[in-house]
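Subject: Structure for you to look at

Hello,

Here is the structure I promised to pass on. Please open it first, then read my notes below.

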Amino acid sequence: MTAPVLGRDYRLLWSAAVSSRFGDALRTPALALLAATLTRDPRAIAAVTVAGQLPPLLLGLLGGAYADRWDRRRTMAAVDGLRAGVVAALAVLVATGRAGLATVAVAALVLATLGTVFDAASFAVLPSVVPPTALPTANGRLQAGTAVAGGFLGAPLAGVLFAISAALPFTVDALTFAAASLLVLS
C-alpha cells in the first residue's frame, strides 16, 4: 500500500503547525527559567507555570467552538501573528531588563490562550486540505511532527538558548510564530 500524496497545502499546514509547536516548546521552559531568575519564591514561579498551562484546560472547548465558526486559515495566521508580537515584546523586555514577574505571567496566560485557538484551528482545517481517504495519514504525520518539534527538539533547546541569553528563546519563538503565520497565509 502506498502512502497518499498530501499536496502543497498540507505541507504548508504541517510546516506552520510544527513551527508553531516548536515555538511553544521553546517558550514554556524559558518562561519558567525566566521566572526563576526574577524570584526565588516557588509560589511565584508556579504561578507563571500555571498561567501557561491553564488556558487549554479552561478554554479548550471554547477555542474549538470559535475555530469552527471562523475562517480557520485566517484564524491560524492572525493568532500566530499576535503571538509573534506578544513574544517579541517579551523578548525586548527581557533583553532590556524590564520584564517583571507579573508581565511574565500575563504573557504566559495570553500566549497559552492564543495557542489553544491555534491548535483547534490547525486540526479542524485538516479535512479541508486533504481528501477524506488521506485523513488518517495526514493526521498521523501532523501529530508526529508536532510531538517531535514540541517534545524532543524545542524543550531541550530552550535551556541551551536561555543559557546563552535570557531573551534568545523568546526571540526565536517570535520568529517561529511569524514563520507559521506566513506559511498559513501562503
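A salt bridge here is a side-chain nitrogen of Lys or Arg within 4 Å of a carboxyl oxygen of Asp or Glu. Please keep in mind that the model is predicted.

**Salt bridges**

Side chains of opposite charge can pair when their charged atoms come close. By the rule above, the count comes to nine salt bridges. Is Asp24 buried or exposed? Asp24 is buried, with a relative accessible area of 11%. Arg83 counts as buried too, because its relative accessibility is 0%.

Next, go to Asp173 and Arg27. Their side chains form a salt bridge at 3.3 Å, N to O. Asp173 sits in helix H7 and Arg27 in helix H1, so the pair links distant parts of the chain, 146 residues apart. Asp173 is at 0% relative accessibility and counts as buried. Arg27, at 5%, also counts as buried.

Which residues are linked in a network of salt bridges? They are Arg21, Asp24, Arg27, Asp80, Arg83, Asp119 and Asp173. Both pairs described so far have their residues in that list.

**Arg73**

Arg73 is found in helix H3, which covers residues 72-95. The side chain of Arg73 meets that of Asp9 in a salt bridge of 3.9 Å, N to O. Arg73 lies in H3 and Asp9 in H1, so this pair ties together parts that are 64 residues apart in sequence. Arg73 is partly exposed, with a relative accessible area of 32%. Asp9 counts as partly exposed as well, at 34%.

What else does Arg73 contact, leaving aside its neighbours within four places in sequence? Besides Asp9, the contacts are Val125, Val129 and Val184.

**How the helices pack**

Take H1 (residues 7-38) and H7 (residues 168-185). Their axes come within 8 Å and cross at roughly 160°. Angles over 145 degrees count as roughly antiparallel. H1 and H7 are therefore roughly antiparallel to each other. H1 passes H7 in a left-handed crossing. By class, their contact has 15 nonpolar, five polar and three charged residues.

Ser19 is found in H1 and is buried, with a relative accessible area of 16%. Ser19 touches Thr176, Ala179 and Ala180, not counting residues up to four places away in sequence.

Now turn to H3 and H7. Their axes come within 8 Å and cross at roughly 160°. That makes H3 roughly antiparallel to H7. H3 passes H7 in a left-handed crossing. By class, this contact has 15 nonpolar, three polar and four charged residues. On the H3 side, the residues include Arg73, Met76, Asp80, Arg83 and Val94. On the H7 side, they include Phe170, Asp173, Phe177, Val184 and Leu185.

Best wishes

Key: Residues numbered from 1 in each chain as written. Predicted model: local features only at pLDDT ≥ 70, side-chain atom pairs only at ≥ 80, totals over all residues. Heavy atoms only, no water. Axes fitted to C-alpha atoms, helices over the stretch in contact; angles between N-to-C directions. Helix = DSSP H or I, 4+ residues; strand = E, 2+ residues; numbered from the N terminus. Parallel < 35°, antiparallel > 145°, perpendicular 65-115°, else oblique. Left-handed = near helix turned anticlockwise from the far one by under 90°. Nonpolar A, V, L, I, M, F, W, Y, C, P; charged D, E, K, R; others polar. Buried < 20%, exposed > 50% of the residue type's maximum accessible area, 1.4 Å probe, protein only. Contact = heavy atoms within 4.5 Å.
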